[in-house]
Structures are given as structure tokens and as C-alpha cells.
Amino acid sequence: MGLLQGLTEFLPVSSTAHIRIVPALAGWNDPGPAFTAAIQLGTLLAVLIYFRTELLHAVRGWVSSLTGRGYNTQEARMGWAIFVGTIPIVVLGVLFKDQIENEWRSLNIVAGSLILMGLVLLAAEFLGSRKRGESSMTPKDGLWVGLWQSLALVPGMSRSGSSIAGALFLGMDRPSAARLSFLLSVPSVFAAGIFSIVKHRHELLGSELVPMLVANGVSFLSGYLAIAFLIKMLQRHGTYWFVAYRVVLGLAIYGLMASGTLSPMAGMEGPAVPSSSSR
């Protein structure tokens, strides 16, 4: 699970989808949304280390702007873009918590989301001008990309895929879109991980503690490598290979369900960490 999380969290292919699909194919129980959110802290650490300079500048710029100094600097605008861009996913995450933890984890929804976001990314590649860089980022842009990021609440959509698509539609170049996606993920991933650990602390800090720590360690290492890979991949080839992968995987899951090999709720009968609504 840690390897899957690390390799797919930053690639626009949806880590949640893979952590849902692989156990279903292997005949394992779904690890559940709480465990899935908790092991994102490893990939969060990878982002904090990889982008430590950019994050530090954004935080400093944001704090300075609160005191009335330097509001129009690039660092301040990026800080505010991250701040306002985090609001949509937090609000919608609270409103649709029960659906996220239960029926939205159906493989029907996962497969459909994989295909849909793949087609959206393809449209973003063709329609985006790719002429803007990070220096032109504004808080309004952050809100726009944040609204796109909130689509990742639906398993299969992908946090990075959704936010990269939103940034490309704004006319941003691919590397800038990817970096914005990484930076924007920090507050929401941190909040989701801590919330899951606190809410499900008896399981995650009890019987699930060692698996969670192992998964986070592996996701950190593999996630750090995946960041560099994605940036280089986007510079050379764009998102086209990821689009093809998403569509093929989504169609394959539909095919397996149509043949009776998989059921839409495979593995959901006994998740490792039960959600609040199933207790």
C-alpha cells in the first residue's frame, strides 16, 4: 500500500483508485479511507522536503502580507493562492464525508472517474495555452485550481490530475502546473491525514500502527522519486501517457466487472478501519 501510495500520489493517475483496485484484484479487504488518508503523510513529507524552499518563501510572503507589507510580491501571491485554494476541498470534504467513505468507493465510480479525468486532461492539453508561469499566479488562480483539486474527493479523479488540469486550463505551462499541484496538496493532505489519525486513533494507533508506519516510510521514499519523474515526464511528453493509462485501466475494470470477475463493492464488506457510518 505504501509503494502504491508513493508511486501514484503525484502522478495524475489517482493513488486512491489504485489503493482501491489492487486489494480488490488480490482478494484483500479494502484498507478503508482512514488508512488511505493516514499513509498520505509519507508523501506529504516528500513534498515538504523536495519543495522546502518554495514552501518557505510562500509562507514568509503570506505572513508578511498579513502585516501589510509585500502583498503584491510573487511569494505572497503564491501563499494566498495556496490558502484560498485549500478552502474548497476542506469544505466539500466535510459536506460529503459519508459518501467519500462509502458508496463513492464503488469500483463503478472509480473506473468512471479514471476515464473521465483522463479525457479532461486530454482536453486541457489541447485547450491550454501553456504560456503562463508561476510568477503570474494570483489568489484567484489558486481558488480556481483549488476547485478543481476538490474533484479528487471522488476516488479515481486524482488530486494531481484534477489540479494539473485546472492549471493547464488557466494557460499555465506544464512544470508550473505540476509544482502548483504539489504545493496546493500540502494543507489538504496534512489535514486529511491528521483528521483520520485522530478520528480512528484506536485502530490506526493500535493494531494498524505498524502497517501505517511501514506504509508511510515506503510512500515517502517512492513519492520523493515520483516527484522528479513527473516533472521530467511533463516537460518531455505532457500528460498523454497518463491519459492513455487512465482510460485503459478504467475500461479494464469495467470489463472485469462485466465478466463477473470483480464486483463493484469488492473488498468493501470488511474494511480494515471501519468508517463512522458503519459502526
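**Exercise 1.** Which element gives the most residues to the lining of the largest pocket?

*Solution.* The model is predicted: local features need pLDDT of at least 70, side-chain atom pairs count only at pLDDT 80 or more, and totals for chains, interfaces and linings use all residues. Residues are numbered from 1 along each chain as its sequence is written, and side-chain values use heavy atoms, with hydrogens and water left out.

Step 1. On a 1 Å grid over the protein atoms alone, a pocket is an open set of points with protein on both sides within 12 Å along at least five of seven lines, whereas a cavity is a set where a 1.4 Å probe fits but cannot get out; lining residues have an atom within 4 Å of a point.

Step 2. The largest pocket holds about 770 Å³ of space (the space filled by probe spheres set on the points, which are joined across faces, edges and corners). It has 33 lining residues, and A37, G93, I100, L153 and A192 are the closest to its centre.

Step 3. Two or more lining residues come from each of α2 (15-26), α3 (32-38), α6 (74-95), α7 (97-101) and α11 (174-199). Helices are DSSP runs of H or I with at least four residues, numbered from the N terminus. The element that gives the most is α11, with six residues.

**Exercise 2.** Describe the course of α11 and its N-terminal end.

*Solution.* Step 1. The 26 residues of α11 reach 37 Å from first C-alpha to last, close to the 38 Å expected at 1.5 Å a residue (1.5 Å times one less than the number of residues).

Step 1. At V186, shortly before the proline P187, α11 has a kink of about 35 degrees. This bend is the angle between axes fitted to the seven residues ending there and the seven starting there.

Step 2. The N-terminal end is capped by D173, with a side-chain oxygen 2.9 Å from the backbone nitrogen of S176.

Notes
A polar contact is a pair of N or O atoms within 3.5 Å; within protein, one must be able to donate a hydrogen and the other to accept it, and residues adjacent in sequence count only if both atoms are side-chain atoms.
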